[in-house]
Amino acid sequence: MPHYAAYSVGEDRGLWLVPNFAYRADAVAGRSSAGLVENLTRGVVVTPAVRQALTLCMEPRTQLTVLSGAAGAGKSTIMALLIRPRPELNFPVDPLDVSAAAFLDTTSTVESVTVDLVEQLRSRVQGFRLAQEEVRSLVDAEGSQSVTSFETQIVRPLGLCRRDKIIRLLIDGLDNLDTDSDVIARALAPILQRPELRHVQVIISVRSDEEPESLRAQSGGRITLPEPNLTQLHDSLNFRLAESARRTMEWAIRPGIHGWLVARLANEIDWRDVVPVRRIGGEFGALVSLRFRTAHASASAEYRPALDALAGILVAVGYGPVAPIAMVRSALEILGFPMATARIRDLLLLLGVLSARGRPGSPDETVGLAHVDFVEPLHAAALIARQIVLQSFHQAMISAYNSLKGISEVEKYWHFAQPRHLVGADRVDEAVVVVAKSAQSGRAADGQQTWDSWQRLLQRSLDPASAYNFALRLRRYQDRTYLTSKADRHVVDDLHRLLEDMLLVLGPHNMLTLTARFYLASWTSIYESREAGIRVYESLVNEVEQHHGRNNRLYVIACADLAVNIGVVRSAVEARNRLLLLLPHTTQLLGAEDKETIRQRVLLARYTRESGDLEMAKSMYADVIAVMTRVYGANHVETLATRGDLDFISEHPDDFEKGRDTVTNYIEHRTGGGVTSIQQVEPREVSVIGAPGTSVEDSPVELLGVSSNISCLSYHPAGELATGNWDGSVRIWDVSEHRRLRSLPVEEDRVHAVSYSDGGSRLAAGGDRGMLTIWNCANYDRITRVMEEFGTIRSLEFAASCDLLAIGGDAPAIILWDFREGREAARIEAHASGVLSLAWHPKMLILASGGWDGLIKLWDCENRNLLAILRGHSGSVSSMGFSSDGTMLVTGGADGTVRVWDTISNQSIGDPIAHPDAITCIAVGKRDLIASTSDDSVRLWHARSGEQYAVLSGGNSARLRTVRFSPRGETLAAAGFDRRIKLWTATQSMEIGEV
């Protein structure tokens, strides 16, 4: 059968015709995906929808074609027919029309797709090889770390190729990945945006509901494949059945359940002996189970355990013909089933449509499952039903690799699949290390893509509170060179959110938490202001030195960055002096040829120049250039840039860098000119006055974001709502009319706590810098502004029965502040490492406190005595509140639980109330109603029964940070990282508004 690339001949399952060269002209010839293409196109039913989709895919009018549809609608079959058209189709498609194709499998990443496409393009596109070499030489000369391999090996070379012929790329199965499909979609985006690449057409297949976000933003054609109807499904069957079996089969073969996949399974199921319909159930998984049962029945008794083991290995391997058969054989032997490769092929034939095979019959054969939706049902049928643990099969594949190291195909597979098998074997920490090493092996941009690709799988598998999890989330902010070209100011907001989580779980002094603060300082300098960045750096340097000393890399890098920011906005002389003191310590700690030491030497030369000492600067530049030439090479981009600085000051000794009015430039850019004056209205908001008749006359312009993440809420007894914001302001809202009444500036980078006094006469706020601000609510005049040794203020609570304000923060003590007299009334040494949450008893002078240490403490503030310590949370206690009668205390923690305590017995009431993530805030309302936030929704509970009353959606995926009941308990307000205030009725759980 010459039109088949591989085929089992007759009943002799050991006789193979492989490989022949009937299709050596197509894109996947000789590749693992050729077997997948062969299976997809064999026996295909050409419906009108299939023919129409093929026609539309070949239309050259659009650069991007997205082929979408439900599972089993035939997306991959269409892609296979474009590559290898069947003779009986009588359709004018030439295999040469497709330049390269990638069938994505479980282990696919941007790196593997790049390798796959490059190998095809080099042999199938004229001039591509030369273009690739030209681009490589240019990029190597630049030494840029911000350009990805996909960009340099595919995107740019395609732009240099001939444009008189369409270059068509096929990417199948963006929904099949364990890795993040959006990373691949983002890599493809430049092809669709650059004018020099209009001759390149990209065809992508994806499920209708799983199109990556970055693809949705691209213009192009969308083709939606309908599911086959009942007649089409029956026409695809190749057998007749007895009446009883036919009725059973017709129950299963119906539209809406995985389309053509059902027909393919049905063709291979023995319908003469099936369990009753009621026992099969209505799920697609039941058909997969029946197909596996048919395979089991066909195998001899002695090989059935081996068939179970083979199915387990295929489940561990996942979708796509990816695992070398040599590894599968070794894994089976490790599991106790030694057998010849030919016998493994016999078992694969018994599995039929369930298995996928690449280069079948050859020594380099690869295997896997034929569809991603076979993984879970086959896991259930072959393993769970027989009480076999999947973890053992992943471990067997790891052991198989260790015994076959050095074999080319094995090494290629393991390079991409190792993290997945380590995760499957419950060795997630090792998987993180593997991904980290892989990310460090190339350019910074490639490393970022590697992290982005695997982050979803790793984070899903890691304990949310583990240091590895936070290190993984923090990793994306590490390479500033790459992110500066890609990110916007929302990076700062994202980092703030991550830092909040790390503070809750790891505490303020953990090195990872401090590293997050370092990245935050860097991004704050870029996207907010240098002065704000300086404040963050100064606080960070002090924290690192206090808790970890000076002999660590973070300390010296943060000190150097602080000097840079000071040099930009304050004094080059001060920056030089700081670097002069720092450099000897850095050299001793890291060595003279470390990158950070070299960076500091370059900075010192620069600020020496800007301080006016040109001769000394020249000498410094010459010395560091000699080191850079030795370490980096003479033609490295950093060496050349530094040499250029030396040449410039030698030729232009009187020309120094001058500052630029960035605010004016920004507004000129936003308004197109015509600006006559700029007046500050409030922090980060300006009013721009233009000349009469211009487009900017009397028009307000938002500068670097007026809106901000909301971190805390507090209701005035009269119903006004105060919000504390991450832009360093407090805003007062009329929630009934959904409008802002006023904005109160606070000398903080971010406000973390805001609180009205019980009678509503005072409003207090505090935040990052430990600045306590109190206003008189009659006119909102500021009456107190004091900066004590509070550290960051995280909680403020006014007592109901006296003039005390309790203050908690990163310091271990609680401050009791007399707000009438404006002085500290008492200090309580409360927790070992900071106070996160506070709550006053409504009727007595008893204060509850929650700390980083996971303890809840009750204090008699009249006599300054500790009344009780409540233990139960396994992480920090982030929020708390008393019931209106004071008989219950409700607490929420980083362990994702809400606990209710009896304040008479100091015992827990009922079981902990579990949540999907760390608790960010709880509020206690009337009638023992609890509101809690831990993700993008508010959950309402009955305190005593623990019964969930309602779940109120925040409307998007942004995390809610704070929740409060109105004074009468009728309204519930919540806010967070989407910069909106959501309002609901507390009793009926109906949304009533949004600010």
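Two aromatic rings of Phe, Tyr or Trp are taken as a pair if their centres lie within 6.5 Å, and planes over 60 degrees apart count as edge-to-face. In the predicted model described here, F518, Y519 and Y537 form one aromatic cluster. Across the whole structure, four aromatic pairs are found. In one of them the ring centres of F518 and Y537 are 6.2 Å apart and the planes meet at 65°, so the pair is edge-to-face. F518 counts as buried at 6% relative accessibility, and Y537 counts as buried at 1%. An edge-to-face arrangement is also found for F798 and F819, whose centres are 5.1 Å apart and whose planes are at 85°. Here, too, distant parts of the chain are linked, with F798 in strand 22 and F819 in the loop between strand 24 and strand 25, 21 residues apart. The relative accessibility of F798 is 8%, and the residue is therefore counted as buried; F819 is likewise buried, with a relative accessible area of 6%.

The strand that carries F798 is part of an open sheet of four strands, which follow the order 22-23-24-25 with antiparallel pairing. Strand 22 (793–798) and strand 25 (823–829) stand at the edges of this sheet, and because each has a single partner strand, one side of each is left without a neighbour in the sheet. From one strand to the next, the twist averages 20°. Within the sheet, strand 23 (residues 804–809) and strand 24 (residues 813–818) are joined by four bridges in the antiparallel sense, and I807 is placed opposite I815 of strand 24.

A second open sheet of four strands has the order 26-27-28-29, and its pairing is also antiparallel. Its edges are formed by strand 26 (835–840) and strand 29 (865–870), each of which pairs on one side only, and the twist from one strand to the next averages 25°. Five bridges connect strand 28 (residues 856–860) with strand 29 in the antiparallel sense, and D860 has N865 of strand 29 as its bridge partner.

Strand 19 (residues 762–767) is mostly covered, with six of its six residues buried. In general, the side chains of a regular strand alternate between the two faces of the sheet. In strand 19, R762, A764 and G766 point one way, whereas L763, A765 and G767 point the other way, and all are buried. Strand 18 (residues 751–756) runs antiparallel to strand 19 and is joined to it by five bridges, with A753 having G766 as its bridge partner in strand 19. The hairpin of strand 18 and strand 19 has five residues between the strands, and G760 takes a positive phi near 85° in this hairpin. Strand 19 also pairs with strand 20 (residues 771–776), in the antiparallel sense and over four bridges, and R762 stands opposite N776 of strand 20.

Nonpolar side chains in soluble globular proteins tend to be buried together. The largest nonpolar core of the model holds 64 residues, of which L265, F292, L310, M327, L378 and Y413 touch the most other members. Helix 14 (residues 304–317) supplies the largest share of this core, with 10 residues. When neighbours within four places in sequence are left aside, L265 is in contact with F284, L287, V288, R291, V353, L354 and F374. Another core, of 56 residues, lies apart from it and includes A575, I598, M620 and W852.

A search of the whole structure finds zero disulfides. C712 is in no disulfide, and the nearest cysteine sulfur, that of C921, is 9.3 Å away. C712 is buried, with a relative accessible area of 7%, and C161 counts as buried at 5% relative accessibility. T985, which lies in strand 41 (residues 981–985), also counts as buried, at 17% relative accessibility. Between T985 and G969, which are 16 residues apart in sequence, the C-alpha to C-alpha separation is 8.9 Å.

Terms used:
Residues are numbered from 1 along each chain as its sequence is written. This is a predicted model: local features need pLDDT of at least 70, side-chain atom pairs count only at pLDDT 80 or more; totals for chains, interfaces and linings use all residues. Side-chain values use heavy atoms; hydrogens and water are left out. A nonpolar core is a set of buried Ala, Val, Leu, Ile, Met, Phe, Trp, Tyr and Cys residues joined through side-chain atoms within 4.5 Å. Buried means under 20% relative accessible area, exposed over 50%, partly exposed in between (1.4 Å probe, protein chains only). Helices (H or I, at least four residues) and strands (E, at least two) are DSSP runs, numbered from the N terminus. Contact means heavy atoms within 4.5 Å. A disulfide is a pair of cysteine sulfur atoms within 2.5 Å. Two strands pair if DSSP finds at least two bridges between them. Axes are lines fitted to C-alpha atoms, for helices over the stretch in contact, and angles run from 0 to 180 degrees between N-to-C directions. Rings of Phe, Tyr and Trp (its six-membered ring) pair if their centres lie within 6.5 Å; planes under 30 degrees apart count as stacked, over 60 as edge-to-face and the rest as tilted.
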